[in-house]
Amino acid sequence: MNLAVTDRILLFFFHELQNYFTLAGRTFVRIFRRPFYYRESIIQFDKLGFSSLFICILTGLFSGMVMALQSLIQLKPFAATSYVGGMVAVTMVKELGPVLAALMVTGRVGSAITAELGTMVVTEQVDAMRVEGTDIIKRLVVPRFKAMLLALPLLTIVTDIVSIFGGYIMSAGYNINPVMYISGLPQFMVFQDLIEGVVKPVVFGAIIAVTGCYAGLNTKGGAEGVGAAAKKAVVLSSVLILVSDFFIAKIFIVFRG
Amino acid sequence: MADYTDYGGDDRKGERAMNSRDSIRMEKICYSIGGRKILEDFSFLLERGVNRTILGVSGSGKTTILKLLLGLLDPDSGTVSIGDLCITGLPEASFMPQRKRIAIVFQGGALFDSMTVGENVGYRMFEEGRLSEGEITAVVREKLSFVGVDTALDLYPAELSGGMKKRVAIARALAADPDYIFFDEPTTGLDPIGVYNICNLMQRLQGEGKTTLMVTHDLATAFATSQRFTFLHQAQMLFEGSEEEMKGSCIPEVREFLEPTERSLFI
């Protein structure tokens, strides 16, 4: 690869990065400015959040069950199966719950946001809104951003609870005393774990909304462009979620001391 | 070629008083996409009261001109002014009062598909929040009635035909009470009756004092609704003048556009 090509790629990368963070910054600032588009925010909360409930319940149930199954097999030789509840809870609440819920929502919602906004761009609806005097970020991005900031933590909490219940079902199948399963939960968890389990989905929600909107609003071409933008949004969101998960975990570990 | 001169449109077209400051201008505009020049050193003046059409083959940059005039696109170089204000490089919010004097009817209508026809037409009024819902509904009904689709108030854009979509888009443009209305290929894809309706509407709008700027390659509609014509070819303005001047033009590209021949194949 010659220098000119490298230069062009780097220039493109930093240009995209700058635009992405500009959109994120402008979105954040506009959360506090009128008009607030309450109705639109509620509609988006319903569309993006509530409709993802079932898929998060399924994800939580089966990941909790498989987590308990694997833990039981590992703990059995050490006669430590009573700790399975705590292990499932701490793993799900701190790590798997937020990440799995976010990845499921990315696939379902991130692509939907991009496809919707992308279609609006290629059919000139976004241009029409701009001509009508609408602030596109305030009208299209902020309601989705607010909906995701609220919906993903709630979906994650549901995923966590259902996964612990899934672990309980699996443990009951292996004759683990239910009281022992439940009493194991606080032994492994501290309050900071719960905070971490809520902070992460807030950040992930912001990533899904901004990435989905960014890809959607920068869609070029027709139907093919919309498809490409949706794919880009899902891949980028997923990668950013996994990368940011590491850094948030690291920050919490540093603060824990 | 169909003759649209009997639409009963505005007899006074072109005779309205002109204020030298009341115009939309672009000067020495250069615009390119991915290295391909769309416009090069392009200057254009749209005066209030003079209805214009920009002609050119598909892909010649006609729609780009409309978007540049509205400030939806930023030129690589050159300036765009609405009235006295040069809008090039300004943030959108700072020229919104000037832009609100212009409305546009996009090629496909660009109706918001999540809203009903009524909500589409009343969109700007709902956004501004100055009128009550009852007042907005009254205005919406009046505008829909003007374009002849008042029965479609509660329908969604997906339930409308192509011609109805364009008429609703015109109603939405009218609801903003603009001084200028831009039309992007308003008759493309319509049957002769649909074309007739759109031409008739444009002439009635001109009769109500609106200045229209249309981009099209439909010559009959252009000659029926405009006094001045601009011909675009290879990123540059090749011709500017009246209908008579255009029809009498010796420029080969203009002649080819007006009367395509065997030679035009595969151009």
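**View 1. Helices α6 and α8 of chain A pack at an angle of about 145° in this predicted model.** Their axes lie 8 Å apart. Helix α6(A) covers residues 136–173, and helix α8(A) covers residues 191–217. The crossing of the two is right-handed. From α6(A), the contact draws on Leu140(A), Val141(A), Arg144(A), Phe145(A), Met148(A), Leu149(A), Ala151(A), Leu152(A), Pro153(A), Thr156(A) and Asp160(A). Facing them in α8(A) are Gly197(A), Val198(A), Pro201(A), Val202(A), Phe204(A), Gly205(A), Ala206(A), Ile208(A), Ala209(A), Val210(A) and Cys213(A). Sorted by class, this contact has 17 nonpolar, 3 polar and 2 charged residues.

**View 2. Helix α9 of chain A runs from residue 223 to residue 256.** Its 34 residues, at 1.5 Å a residue, should span 50 Å. The C-alpha atoms at its ends are 49 Å apart, which agrees with that expectation. Several residues of α9(A) are buried: Val226(A), Ala229(A), Ala230(A), Ala233(A), Val234(A), Leu236(A), Ser237(A), Leu240(A) and Ile241(A). Their cover includes helix α4 (84–122) and helix α8 of chain A. Helix α8(A) is also the partner of α6(A) in View 1.

**View 3. Chain B contains 10 helices and 10 strands.** The chain has 267 residues, and 42% of them count as buried. Take the contacts in chain B between residues at least 6 apart in sequence. Of these, 65% join residues at least 24 apart.

**View 4. Four strands of chain B form an open sheet in the order β2-β1-β4-β5.** The pairing is antiparallel. Strands β2 (36–47) and β5 (85–86) of chain B stand at the edges. Each has a single partner strand, so one side of each lacks a neighbour in the sheet. Helix α1 (residues 62–69) of chain B packs on this sheet and touches β1, β2 and β4 of chain B. The direction of α1(B) makes about 120° with that of β1(B).

**View 5. Strands β1 and β4 of chain B pair over 5 bridges.** Strand β1(B) spans residues 23–33, strand β4(B) residues 77–82, and the two run antiparallel. Glu27(B) sits opposite Thr79(B) of β4(B).

**View 6. Strand β9 of chain B pairs with β3(B) and with β10(B).** Of the 6 residues of β9(B) (residues 228–233), 5 are buried, so the strand is largely enclosed by the rest of the structure. Strand β3 (residues 52–55) of chain B joins β9(B) in the parallel sense, over 4 bridges. Here Thr53(B) has Phe229(B) as its bridge partner. Strand β10 (residues 236–242) of chain B runs antiparallel to β9(B), with 6 bridges between them. The hairpin of β9(B) and β10(B) has 2 residues between its strands. In that hairpin, Gln234(B) takes a positive phi near 45°.

**View 7. Gly209(B) lies in the loop between α7 and β8 of chain B.** Arg172(B) is 37 residues from Gly209(B) in sequence. In space, their C-alpha atoms are 17 Å apart.

Terms used: Residues numbered from 1 in each chain as written. Chains lettered and ligands numbered in written order. Predicted model: local features only at pLDDT ≥ 70, side-chain atom pairs only at ≥ 80, totals over all residues. Axes fitted to C-alpha atoms, helices over the stretch in contact; angles between N-to-C directions. Left-handed = near helix turned anticlockwise from the far one by under 90°. Contact = placed C-beta atoms within 7 Å. Nonpolar A, V, L, I, M, F, W, Y, C, P; charged D, E, K, R; others polar. Expected span 1.5 Å × (residues − 1). Buried ≥ 20, exposed ≤ 12 C-beta atoms within 10 Å, placed from the backbone. Pairing = 2+ DSSP bridges.
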